[in-house]
Amino acid sequence: MERKTPLYDCHVALGGKIVPFAGYLLPVQYGTGVIAEHMAVRKQAGLFDVSHMGEIVLTGPDALNNVQMLLTNDFSDMEDGQIRYSPMCNDKGGVVDDLIAYRLRQDCYLLVVNAANHDKDAAWISSHLTGDVRFDDLSDGVAQIALQGPQSQAILEKLCNPAEIPAKYYTFTQKMAVAGFDCLVSRTGYTGEDGFELYCAPADAAALWNALLDAGKENGLIPCGLGARDTLRLEAGMPLYGHEMNDEITPKQTGLGMFVKMDKPDFIGKKAMEEMGVPSVKRCGLKIIGRGIARENCPVYVGDRLIGHTTSGTHCPFLGGAYAMAIVEKEPAPLGATVEVEIRGKRVAAEVVKVQFYKR
Amino acid sequence: MANPTNLLYAKSHEWVQDMGDGSFRIGLTDYAQNELGDLVFVNLPQEGDEVETGAAFGDVESVKAVSDVYSPVTGVVCAINEELLDHPEMINQDAYGAWMIQVNEVSDKEELLDSAAYEALLSEEA
């Protein structure tokens with residue numbers, strides 16, 4: 001039985017097409033449609049309900065030690081108010097989840113995890129804690145709204161004290177009033193645009209959502225669903241758990257090596273990745289040249305040789321074409337190479353390109 | 001949008017127009033285009049290809065997924081609406097104006113619904 005987020009009634013009132021997703025009922029699109037919603041985020045602004053994400057807090061003298069052991073990135077040189085992205089690996093180096101970690105204080109970290117992995121992550125994290133640290137799962141008590149697009153700051157400024165808005169990407173303000181409601185506001189997002197993610201109390205979520213839509217109306221702000229969320233992240237080359245990584249793919253095999261700090265004394269998965277050495281595969285981008293849209297699990301060929309599979313793919317509205325991400329053997333697929341992707345039994349030409357298809 | 005009364009409808013949400021000269025035009029209903037969402041690709045057969053009742057003659061692809069389009073008649077494709085190949089969004093904008101294929105030498109037709117029966121089907125599906 002799926003759960004509703006605090007914004008469910010808002011979505012229904014706005015004509016959202018509700019679908020089940022990661023155990024929740026969420027809009028895949030509104031009457032505007034995926035393409036219009038995608039383009040609104042690229043050109044003006046879009047508003048997303050992301051309340052289904054999980055929020056886990058680690059507090060205590062050993063909080064940093066635990067974060068350093070659980071996650072592959074290095075968190076030892078952060079300041080309060082900074083955020084870092086990291087994979088979280090298992091003993092074989094495979095990815096349990098990818099997440100972002102907020103440093104509230106040296107002894108307190110907020111981890112924001114994928115909704116689909118929430119239960120798995122909570123169990124994994126709590127069973128691997130050592131020393132003096134407290135685990136709190138705040139997810140049910142936190143709602144989250146994402147405001148994304150070039151107009152985001154202009155809209156947010158109408159509802160708060162502009163001086164409190166986090167200025168740099170991947171920083172946050174722990175508590176500020178937005179439309180009169182206390183929020184944690186971070187300059188983060190999953191679209192490739194400037195934007196903010198606002199965390200608030202569930203009881204305030206609907207009123208905050210409506211205040212944002214009202215304030216943003218003249219800036220062209222529209223509500224956007226899961227369909228646009230996926231096309232936006234893919235167009236920006238951003239990975240999605242379950243596609244570009246899973247518990248059998250290491251971060252190094254999927255182009256996330258820069259978030260793995262092998263010179264940390266230790267972390268879960270370090271030994272396995274050391275023993276594996278340099279991977280023979282990589283994540284690449286594919287620009288589909290022929291007619292068709294490659295989605296996930298399409299075989300990729302060079303001549304008769306199968307070199308890998310696509311992990312995600314869709315029509316990218318801003319770029320006006322079909323793009324896919326794939327994990328392939330490195331050597332036969334350098335940048336610029338032509339390969340073939342098999343789409344529903346037909347081989348379609350594609351060009352190997354950089355994975356960040358769109359940059360703002 | 002009201003479903004035009006001069007057309008007949010298949011349960012799989014295609015519409016059929018009798019052109020009066022032995023040929024029939026086929027397209028997708030407004031209900032179908034709304035369910036599919038923004039279309040970005042249309043794959044059509046070629047003139048001269050045979051189509052068969054209940055079999056797919058082509059497909060349409062939206063941002064989210066691809067769907068087969070089924071032929072309500074058995075016959076030979078005598079024309080295709082080439083504009084759709086470059087502008088699949090025409091199906092979203094005007095489902096009843098955006099015909100997909102025209103078929104002649106029709107030897108079989110599946111049981112089709114008139115607009116009132118089709119509307120009844122839609123309210124059952126809702």
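This report describes the domains, a helix, the nonpolar core and the chain contact of a predicted model.

**Domains of chain A**

The domain assignment divides chain A into three parts, domain 1 being made of two segments, 3–50 and 142–235. Domain 2 covers 54–138, and domain 3 covers 280–353. Between the C-alpha centres of domain 1 of chain A and domain 2 of chain A the distance is 24 Å. Ten residues of domain 1 of chain A and ten residues of domain 2 of chain A form their contact. On the side of domain 1 of chain A that touches domain 2 of chain A, five residues are nonpolar, five are polar and none is charged.

Helix α6 of chain A spans residues 202–216, 15 residues in number. From its first C-alpha to its last it reaches 21 Å, close to the 21 Å expected at 1.5 Å a residue. Buried residues in α6(A) are A:A205, A:L208, A:W209, A:L212 and A:G216. In an α-helix there are 3.6 residues a turn, so residues three or four places apart point the same way.

The largest nonpolar core has 124 residues, and A:I145 and A:V341 touch the most other members. Strand β18 of chain A (residues 321–329) supplies the largest share of this core, seven residues. Nonpolar side chains in soluble globular proteins tend to be buried together.

Which residues does A:I145 contact, leaving aside its neighbours within four places in sequence? Its partners include A:A205, A:L208, A:W209 and A:L212, and these four are buried in α6(A). A:I145 is also in contact with A:L47, A:F48, A:D49, A:V50 and A:L198.

**Contact between chains A and B**

Chain A contributes eleven residues to the contact and chain B seven residues. The elements of chain A that give two or more residues to the side touching chain B are listed below.

| Element of chain A | Residues |
|---|---|
| α2 | 34–43 |
| α7 | 226–235 |
| β17 | 305–316 |

By class, this side of chain A has three nonpolar, seven polar and one charged residues.

**B:V73 in chain B**

B:V73 belongs to strand β8 of chain B, residues 73–80. Is B:V73 buried or exposed? B:V73 counts as buried because it has 24 C-beta neighbours inside 10 Å. Leaving aside neighbours within four places in sequence, B:V73 is in contact with B:V16, B:F24, B:V51, B:T53, B:V103, B:V106, B:D108 and B:K109. B:A98 lies 25 residues from B:V73 in sequence, and their C-alpha atoms are 18 Å apart in space.

Methods
Residues numbered from 1 in each chain as written. Chains lettered and ligands numbered in written order. Predicted model: local features only at pLDDT ≥ 70, side-chain atom pairs only at ≥ 80, totals over all residues. Domains from an automatic or database assignment. Contact = placed C-beta atoms within 7 Å. Nonpolar A, V, L, I, M, F, W, Y, C, P; charged D, E, K, R; others polar. Expected span 1.5 Å × (residues − 1). Buried ≥ 20, exposed ≤ 12 C-beta atoms within 10 Å, placed from the backbone. Core = buried A, V, L, I, M, F, W, Y, C linked by C-beta atoms within 7 Å.
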